[in-house]
Amino acid sequence: MAEEKKNRSSENNGGITIISTHINADFDGIASMLAAQKLYPGALVVFPGSQGANLKNFFINSMAYLFNMADLETIDQKKITRLVLVDTRQSNRIGFLSDIIENNTIEIHIYDHHPQKSTDIQADFQICEITGSTTTILSGILKEKGIDISPDEATIMCLGIYEDTGSFTFPSTTEKDFVMAAFLVSKGASISTISNMISKEMNPQQVALLNDLIQGAVTHKVSGIDIVVTVASTDKYVPDLAMLVQKMVKMEKIDVIFAIARMGNKVYIVSRSNISDVDVGAIMAPLGGGGHPYAASATIRDKTLAQTEQQLIVSIQERVRPRRKAKDLMSSPVIFTSQDTSCQEAKEILTRYNINALLIVEKTDGKDQPVGYITRQVLEKAIFHELGGIPVSEYMNTEILTSDPEADIFEIQDKIIDNKQRLLPIINGDKIVGVVTRTDLLNTLVRQSIKNSAEESLVPSKSSAARKKNILNYMRERLTSQIIGLLMQIGRIASEIGMTAYVVGGFVRDLMLYRPNEDIDIVIEGDGIAFAKKYAHMSEARIHTYEKFGTAVIILKDGFKIDVATARLEYYKFPAALPTVEMSSIKLDLFRRDFTINTLAIQLNPDLFGTLIDFFAAQRDLKDKAIRVIHNLSFVEDPTRVFRAIRFEQRFDFTIGKLTAGLIRNAVKMDFFKRLSGDRVFAELKLILEEENPVSAINRLVDYDLLQVIHSSLVYDKNLSATLESVNRVMAWHDLLFVEEPYEKWTIYFMAIIRNANRQASEEICERLKLPAKFHQLFCRKRFQSAGCLYWLEKNLPVDSSMLYKRLRIFQAELILYMMATAKQKKVKRAISKFYTELRHIKISVNGNDLRDLGVKEGPVYRQILQAVLDHKLNGHLKSKKDELEFLKKYLA
């Protein structure tokens, strides 16, 4: 925002204009001075103090010629009429220049991107915006004014943006930073130069200092937030402390850090925060520092390390206040029961929903009112004493407090901890809108380490609050306008009938991975079938509903399908059972899914369209390329997820997480697969074999000893490995032929897997997997016929093309390709290739009419004669119909 304090002319009346920035200038300060110099032609650039060695070497050796630099001691200060400050507006950060601003005759102009403070220098003219760097602001002004920028100037300015935004990774980065960086690149900014400066290697002194910082780290828990404070000391100045702190943040996965380093006779502090609850800029202000909520620094003189650390700790304790409220912590919708529910039934509810305390309500004037709660421990004791049939009202805790959605964490803490209350109902008006459990509160206060990943959680309430961000621009970039319009229409109709709509699962996952996927899965908080009927009516579409699962399929006029489901919770009555389904919220619906990467959802209602919701750290796992289950019993409930884990791992080139891999081995060891129906195993196996390159997935099946799930006789050895690789090569060869006729690729890989299975084992495999009759025949009869044909070819080649044709024509394409892959001799492979690419397509032109014209009486002899023509043509003796007719005449003679 531009703010003009006084109405002064921009002319300088012949006086001197000097441009400066803060002490210990970084690249953003330097780049901002260069940009300001172009706005104030003839101005002198003055450093208020020494800049870092890296900056000094860079500018002296390469780019110093661009700056109209001057030493303040060589300037007649009486002639200074204007001071232009960039990247700061704090007098305690401009060194000896602070004396100049005391002169009321000097006009002060400021360009800065730091938040406003009461101690800011009062300027005559200032432009201050919340961006990732001050260079962004000044570059925008240069662009608006049409001022030319050379490639070298563009490089320096772009470097300033890159450094102050952490290469666009800091939370303070804005859209304008990206736009201005792109503008500077268009002006010739050298990305390679920027990369060399940003990605520089550490020298031995920096390595030693970084090690001291890591070793000296102490974690302080303030208002439930882990804050790392680390102290180090060195006799000499070591440049780029901020860079070292950023490396430590990444290495140690730190949310908030304050690094205090004594170098010589000064103490330097660099701070970083990745969470909104800690404003490091505000914390550093009392120490004379400055910066943003996410990054700040300070230089301390005349204080010891101990004094500085103590003052910093006090500032942290005074200024870190959690902003989270009950509405941010609560779980919703509320799981509750009535007072007349038996203890046994209540315990089943706890088990079904994976919770440890159950709210008890009673109807008052038609509205649910909380009257108490009962815990798992109480119920287990009641059942142990054979009191399972007694109503929960007999044993529930009736001393229950409530709060409203705006209650802060201190109120919640008082009511839950001080009153020893296991859960706190949240009431908005006269409606129970959620509950905050003791676990929810403790997770917030303790702030579990990032190492306790989403895959180590057992229940939804143990996961962190949803991470949300709007990705509408991202969607517009990666989706077609038709898909965007369709999603908007879904959200609009859902809102009209009072429901919430989300697009979920693989569609969102592949959107984030930049992979095409138009299989749209919609989840409705409400009644999915009612929504589907409404949508189908308004869109003149067809609909198929499945009441048992609360799902529907909408089929649009052009045949495009949309899968709709009611937000639901699935629970399993025993391992490997099909799930029992109940209505639920989007969080519990996502919790039932297989892996974290499939738990992303995008809200579609108009007011929040394009909001990405991430309850289970899916974005982190996509970035880390990791396949992780959501809870530890995932494979117990549904062992087929093991096959999906392998399929996704190989499709996306991800890695199965360490814990998840251990859970897979446990599922195999416990033999949970024996209760799986064969058709479910077959469905997952078929999907794996239909992948672009299934061999790597098959190898992973072997790693986890999963071929035994198909049949105990299947063994992976060198021969099978070689066969699979041969199938891969044949498939690649076949794809290059661009053959249009359909074939079932998966069957070829499956035949390779069971190649060494005898007839009896093959029959058992087909029975186990409940294969359809056509595949049963293919694997148990025709496969063995093809093996016999292959043996004959190996013994009898070379043969005439007509004989080759007769031997191979009876086999379908899948068997021909399988034979080609399993043939050991090159001459056999060449012969099969010749049949597949040439011989099988050869047809003769003559027919029965031609024989009739030649006076041949109709009968079985026609087939014999035409076969003779075909044989002659296959052997290369006939080229045209004329040749065929001539052959007929001779043959008949």
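Is Lys78 buried or exposed? Lys78 counts as exposed, because its relative accessibility is 82% and the cut-off for exposed is over 50%. The points below go through the model by topic.

1. **Model and confidence.** This is a predicted model. The chain has an average pLDDT of 85. Of the residues, 91% score at least 70. Residues 1-11 have a pLDDT below 50. Beyond near neighbours in sequence, that stretch makes 25 contacts in the model. Residues 447-465 also have a pLDDT under 50. For residues 447-465 the model has 56 contacts beyond four places in sequence. Please read both stretches with those scores in view.

2. **Lys78 in its setting.** Lys78 sits in the loop between helix H2 (53-63) and strand S4 (80-86).

3. **Cavities.** How many cavities of 30 Å³ or more does a search of the whole structure find? The search finds two. The largest cavity has a volume of about 90 Å³. Its lining includes Asp87, Thr88, Arg89, Gln90 and Arg93. Asp112, His114, Pro115, Lys117 and Asp120 are also in the lining. Gly290 and Gly291 line the largest cavity too. By class, the lining has six charged residues, five polar and one nonpolar.

4. **Salt bridges overall.** The structure holds 30 salt bridges. Side chains of opposite charge can pair when their charged atoms come close. One network of salt bridges links Asp594, Asp638, Arg644, Arg647, Arg680 and Glu684.

5. **Glu129 and Lys176.** These two residues form a salt bridge, with the closest N and O atoms 3.1 Å apart. Glu129 is in the loop between strand S6 (125-128) and helix H3 (134-145), and Lys176 is in helix H5 (residues 175-186), so the pair ties together parts 47 residues apart in sequence. Glu129 has 25% relative accessibility and counts as partly exposed. Lys176, at 28%, also counts as partly exposed.

6. **Lys774 and Glu744.** The side chains of Lys774 and Glu744 meet in a salt bridge, at 3.4 Å from N to O. This pair links distant parts of the chain, 30 residues apart. Lys774 belongs to helix H31 (residues 773-796). Glu744 is in the loop between helix H28 (718-737) and helix H29 (745-753). Lys774 counts as exposed, at 55% relative accessibility. Glu744 is partly exposed, at 25%.

7. **Glu884 and Lys873.** Here the closest N and O atoms of the salt bridge are 3.1 Å apart. The two residues are 11 apart in the chain. Glu884 lies in helix H37 (residues 881-892), and Lys873 lies in helix H36 (residues 861-874). Is Glu884 buried or exposed? Glu884 is buried, with a relative accessible area of 0%. Lys873 is buried because its relative accessible area is 16% and the cut-off for buried is under 20%.

8. **Cis peptide bonds.** Most residues other than glycine have a negative phi, and most peptide bonds are trans. The bond from Ser332 to Pro333 is cis, with omega near 0 degrees. Pro333 lies in the loop between helix H11 (326-329) and strand S13 (336-338). Leu797 and Pro798 are also joined by a cis peptide bond, with omega about 0 degrees. Pro798 is in the loop between H31 and helix H32 (801-808). Helix H31 is also the helix that holds Lys774.

9. **Positive phi.** Which phi value does Lys253 have? Phi of Lys253 is near 55 degrees, a positive value in a residue other than glycine. Lys253 is in the loop between helix H8 (241-252) and strand S9 (256-263). Lys253 counts as exposed, at 53% relative accessibility. Asn354 is not a glycine either, and has a positive phi of about 55 degrees. Asn354 lies in the loop between helix H12 (343-353) and strand S14 (357-364). Asn354 is partly exposed, with a relative accessible area of 30%.

How values were computed
Residues are numbered from 1 along each chain as its sequence is written. This is a predicted model: local features need pLDDT of at least 70, side-chain atom pairs count only at pLDDT 80 or more; totals for chains, interfaces and linings use all residues. Side-chain values use heavy atoms; hydrogens and water are left out. pLDDT is the predictor's confidence in each residue, from 0 to 100. Contact means heavy atoms within 4.5 Å. On a 1 Å grid over the protein atoms alone, a cavity is a set of points where a 1.4 Å probe fits but cannot get out, and a pocket is an open set with protein on both sides within 12 Å along at least five of seven lines; lining residues have an atom within 4 Å of a point. Grid points are joined across faces, edges and corners, and a volume is the space filled by probe spheres set on the points. Ala, Val, Leu, Ile, Met, Phe, Trp, Tyr, Cys and Pro count as nonpolar, Asp, Glu, Lys and Arg as charged, and the others, Gly among them, as polar. A salt bridge is a side-chain nitrogen of Lys or Arg within 4 Å of a carboxyl oxygen of Asp or Glu. Helices (H or I, at least four residues) and strands (E, at least two) are DSSP runs, numbered from the N terminus. Buried means under 20% relative accessible area, exposed over 50%, partly exposed in between (1.4 Å probe, protein chains only).
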